[in-house]
Amino acid sequence: MFWEKELECMAREDLEQLQLERLQSTLYRVGTHVPFYRQKFNELKVDYEAITSLEDLRRLPFTMKQDLRDNYPYGLFAVPLRDVVRLHSSSGTTGKATVVGYTRNDIKTWSNLAARILCSAGVTADDVIQIAFGYGLFTGGFGLHYGAERLGASVIPISSGNTKRQIQIMQDFKTTALVCTPSYALKIADVMMEMGINSNGLSLKYGLFGAEPWSEAMRREINERLGIIATDNYGLSEVMGPGVAGECRECNGLHLNEDHFLVEILHPTTLEPVTPGEVGELVITTLTKEAFPVIRYRTRDLARFLPGECPCGRTFKRISRIMGRTDDMLIIKGVNVFPTQIESVLFDIEGTEPHYRLVVERERNEDKVTVMVEAVESIFFDEMKKQRALVETIRRRLASELGISVEVKLVEERTLERFDGKGNRVIDRRKF
Amino acid sequence: MLRIRNLEAGYGRLRVLKNISMHVNPGEIVTIIGANGAGKTTLLSTIAGLIRATSGEISFQNQEITRLAASRIPRQGCVMVPEGRQVFASMTVEENLLLGGHSLGRAGRKELPALLDHQYGLFPILRDRRSQLAGTLSGGEQQMLAMARALMSRPSLVMMDEPSTGLAPLIVRDIFQVIVRLRQEGNTVLLVEQNAKAALAIADRGYVLETGKVILQGSAEDLLANKDVQRAYLGREKIQ
């Protein structure tokens, strides 16, 4: 099924013409409207007007997450704030988040691309979609919500959490498509089993999963236990949100929406293009964003291009599922977490040492995080009440900083292994 | 149908067009909007071969036409309706039209009566004035004559340079309605206009030209909703 067949099945030559036109006008806009890019192009003596082919893209500088933080909140916007109709934010380290904006046209494009993803996964106007992604500043919920509305489906904006209620509504409203993280889909399956509900009795047909890494094994388990066809989709708020790429019913990799995004896969250290088919970092240039265009944004996500044509007829290139990260960012319950965030919270709390260990596990299809913190010696001689109060403070502060709940364990001073330089403070025991 | 990559052109040492890339698909109305001096007419003239490109390439129906002489381009199926009509004032309406069919050559001569008839169907006023001298027509009628003359060669792409210039709003509406009809009949139109609002209202896609560069491109609907376009060309922004 196609949402915009004439675009999704475009001839490569026509696509490249469109990409070049869009790249050139995007470069003109960022080169004149965004001081950050103007300065960067000047410093590096890059003449953006001399970009005459898609290969020339490689002469342009990269944009990093740090650039977004340095220009917090509105420094990278290419339009005046009065043209912006929406702001979203993604978690960042050291308390500084990053902000992205959308014009009315951007929201329209976003809805359209999310509709494409939904449509290629099999969803139609007759479906009832339960969106169990968090709404709010996170782009996941709203992106797919607008896509589903654009498609004409019936949307249940249930947001994340309260699994029993999710299942209740799924039964009562006859939900046919589920949108959430893959681990939450399995959690729903678990709770359903506990409640004695058989998935055969549900109307569920499709599942669109994203926002965290998963595997073929997980897909099979989800398909079996929920009786659906699960597809993967990819997006990130710095670039737009969901709608960047998504799987079709062939379930053989994610089609990139190449008419709106130029995607390179580069070796993470040499930053040279990898041999086609090899794993590397996704680097994305937006071609149609008005409010927040990015040039060669280093996503830190690892994936590879998949060879061959897709039997579905789409001509857009496919990428593999996301195979990991090039930095230490963790994705826990679909939320991005940087270890440095934890460090900065602990640093501010009296009675703790900034030595910690982060243990991530997956228990019954749910991510569980335990933070082990060294407490100063005096605390351990003190009454239990003080200890408990300290644990509670750390737990609350971390929850508000990270946006997810964590367990906190106090350990005695100097019991955690010390590292020279960059140590591995994270123990990720999850298996995808 | 028409594909332009990195086109540069100008007059003498003056560089007017800078790195223009654009395309027109069959059956589309594509508009080029922009202020006076943005390079719109230069762009059309370069496509038509009246001005030589200094670099870049123009291909028309998969054929490179960048270096082709202006006189050979209409034969490829790409015709221009010039700005300010430029009808042959001392010739009759019908003579003007017959000249438009010139590029069909000897073989096409037999078709001329049918083509004439078709144009008269499209512009009934021209049938009434067929033996009148073109110079005696009103501005709107001259514009219609210029359009009909271009259509006489049964082109695959019609390029129109500012068809609304100097015409009364009611006449402009008629002219634009004709353009829509041309598309319905399967023609492809590249329309250069200063009247951005009217052009975007009938176009499928558009390019915004500023000082010789394409600064924006997209569907007509998106361009109409774009705040920069509204501020610069539609005069819609209210300053509070």
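Student: Which residues touch the most other members of the largest nonpolar core?
Tutor: This is a predicted model, so keep that in mind. The largest nonpolar core has 159 residues. Those touching the most other members are L118(A), I129(A), V179(A), A185(A) and M159(B).
Student: What does I129(A) touch, not counting residues up to four places away in sequence?
Tutor: With those left out, I129(A) touches V123(A), A148(A), A153(A), S154(A), V155(A), I156(A), A177(A) and V179(A).
Student: Next, helices. At what angle do α8(A) and α9(A) pack?
Tutor: About 35°. Their axes are 10 Å apart. Helix α9(A) covers residues 216–226.
Student: Is the crossing left-handed or right-handed?
Tutor: Left-handed.
Student: And which residues make the contact?
Tutor: From α8(A), P182(A), A185(A), L186(A) and A189(A). From α9(A), M218(A), E221(A), I222(A), R225(A) and L226(A). By class, that gives seven nonpolar, no polar and two charged residues. You met A185(A) already, as one of the residues touching the most other members of the largest core.
Student: OK, domains. What does the assignment give for chain A?
Tutor: Domain 1 is 1–327 and domain 2 is 330–428. Their centres, taken over C-alpha atoms, are 31 Å apart. The contact takes 13 residues from domain 1 of chain A and 15 from domain 2.
Student: Which helix gives the most to the domain 1 side?
Tutor: Helix α8(A), residues 182–194, with four residues. That side of domain 1 of chain A has three nonpolar, seven polar and three charged residues.
Student: How is chain B divided?
Tutor: Domain 1 of chain B is written as two stretches, 2–77 + 155–238. Domain 2 of chain B is 87–154. The C-alpha centres of these domains lie 24 Å apart. Eleven residues of domain 1 are in contact with ten residues of domain 2.
Student: Which helices of chain B each supply at least two residues on the domain 1 side?
Tutor: α2 (73–76) and α7 (169–184) of chain B. The largest share, four residues, comes from α7(B). By class, this side of domain 1 of chain B has eight nonpolar, one polar and two charged residues.
Student: Now the two chains. How many residues are in contact?
Tutor: 16 residues of chain A with 17 residues of chain B. On the chain A side, α2 (12–33) and α5 (104–120) each supply at least two. The largest share, eight residues, comes from α2(A). That side of chain A has three nonpolar, six polar and seven charged residues.
Student: Which residues have a positive phi without being glycine?
Tutor: N62(B), at about 60°, is one. Q86(B), at about 50°, is another. N62(B) is in the loop between β4 (53–60) and β5 (63–64) of chain B. Q86(B) is in the loop between β6 (78–81) and α3 (93–100) of chain B.
Student: Why does N62(B) count as exposed?
Tutor: Because N62(B) has 8 C-beta neighbours inside 10 Å, and 12 or fewer makes a residue exposed. Q86(B) has 13, so Q86(B) counts as partly exposed.

Conventions:
Residues numbered from 1 in each chain as written. Chains lettered and ligands numbered in written order. Predicted model: local features only at pLDDT ≥ 70, side-chain atom pairs only at ≥ 80, totals over all residues. Contact = placed C-beta atoms within 7 Å. Nonpolar A, V, L, I, M, F, W, Y, C, P; charged D, E, K, R; others polar. Domains from an automatic or database assignment. Core = buried A, V, L, I, M, F, W, Y, C linked by C-beta atoms within 7 Å. Buried ≥ 20, exposed ≤ 12 C-beta atoms within 10 Å, placed from the backbone. Axes fitted to C-alpha atoms, helices over the stretch in contact; angles between N-to-C directions. Left-handed = near helix turned anticlockwise from the far one by under 90°.
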